[in-house]
Amino acid sequence: MLPQEKVEKKKEVAHKLAECVIYCNHCFSSCLEEEDVKMMKKCIRLDKDCAEVCQFTLGMLHRSPFVDGYLEMCIKVCEACAEECSKHQNEHCQECAKMCKECAEVCRNFREMFQK
């Protein structure tokens, strides 16, 4: 893979991570406004975890030799968040679930590209 292709792939991952942070934080805030907040407890926790893990991974993407491990963790947390959010019919949860799935997929593809 040419250096420019690597840069473009990193840009794609960085963009998706940043998007996921935004969607998870929005879902987190919206869940706190729901009528039955207690029912949303697991969703709220995972939204916050996912936003923080994606933000951290974004920060490490361009400079850490441990980025593979960060991406692996990010994939797991995004998948867990997507699974929980998809259980709720609220629009913000459904949108968050979709974004988390996309983020996990982009991170997985990026990780696999460098493991070959």
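**Figure 1. Crossing of helices H1 and H3 in the predicted model.** H1 passes H3 in a left-handed crossing. In this predicted model, H1 covers residues 3-32 and H3 covers residues 67-85. The two helices pack at an angle of about 40 degrees, and their axes are 13 Å apart. On the H1 side, the contact is made by Val13, Leu17, Cys20, Cys24 and Cys27. On the H3 side, Leu71, Cys74, Cys78, Cys81 and Cys85 take part. By class, this contact has 10 nonpolar residues, with no polar and no charged ones.

**Figure 2. The largest nonpolar core.** This core has 36 residues. Those with the most contacts inside it are Cys20, Cys50, Cys54, Cys78 and Cys100. Two or more residues come from each of H1, H2 (41-60), H3 and H4 (91-115). H4 gives the most, with 10 residues.

**Figure 3. Surroundings of Cys20.** Leaving aside residues up to four places away in sequence, Cys20 touches Cys50, Cys54, Cys78, Met99, Cys100 and Cys103. Cys20 is also one of the H1 residues that make the contact with H3.

**Figure 4. Helix H2 and its buried residues.** The end C-alpha atoms of H2 are 29 Å apart, which agrees with the 28 Å that its 20 residues should span at 1.5 Å a residue. Buried residues in H2 are Cys43, Ile44, Leu46, Asp47, Cys50, Ala51, Val53, Cys54, Thr57 and Met60. Cys50 and Cys54 are among the residues with the most contacts inside the largest nonpolar core.

**Figure 5. Helix H3 and the loop residue Phe66.** H3 has 19 residues and reaches 26 Å from its first C-alpha to its last, close to the 27 Å expected at 1.5 Å a residue. Its buried residues are Val67, Tyr70, Leu71, Cys74, Ile75, Val77, Cys78, Cys81, Ala82, Glu84 and Cys85. Phe66 is found in the loop between H2 and H3. The relative accessible area of Phe66 is 56%, so this residue counts as exposed, the cut-off being over 50%. Phe66 and Glu79 are 13 residues apart along the chain, and their C-alpha atoms are separated by 20 Å.

**Figure 6. His88 in the loop between H3 and H4.** His88 counts as buried because its relative accessibility is 9%, and the cut-off is under 20%. Not counting residues up to four places away in sequence, His88 touches Met39, Met40, Cys43, Cys93 and Gln94. Of these, Cys43 is one of the buried residues of H2, and Gln94 lies in H4.

**Figure 7. Glu91 and Gln94 of helix H4.** Glu91 has a relative accessible area of 60% and is therefore exposed. Cys27 belongs to the H1 side of the contact with H3. Gln94 is partly exposed, with a relative accessible area of 31%. Residues up to four places away in sequence aside, Gln94 touches Cys85, Ser86, His88 and Gln89. Cys85 is also one of the H3 residues in the contact with H1.

Key:
Residues numbered from 1 in each chain as written. Predicted model: local features only at pLDDT ≥ 70, side-chain atom pairs only at ≥ 80, totals over all residues. Heavy atoms only, no water. Axes fitted to C-alpha atoms, helices over the stretch in contact; angles between N-to-C directions. Helix = DSSP H or I, 4+ residues; strand = E, 2+ residues; numbered from the N terminus. Left-handed = near helix turned anticlockwise from the far one by under 90°. Contact = heavy atoms within 4.5 Å. Nonpolar A, V, L, I, M, F, W, Y, C, P; charged D, E, K, R; others polar. Core = buried A, V, L, I, M, F, W, Y, C linked by side-chain atoms within 4.5 Å. Buried < 20%, exposed > 50% of the residue type's maximum accessible area, 1.4 Å probe, protein only. Expected span 1.5 Å × (residues − 1).
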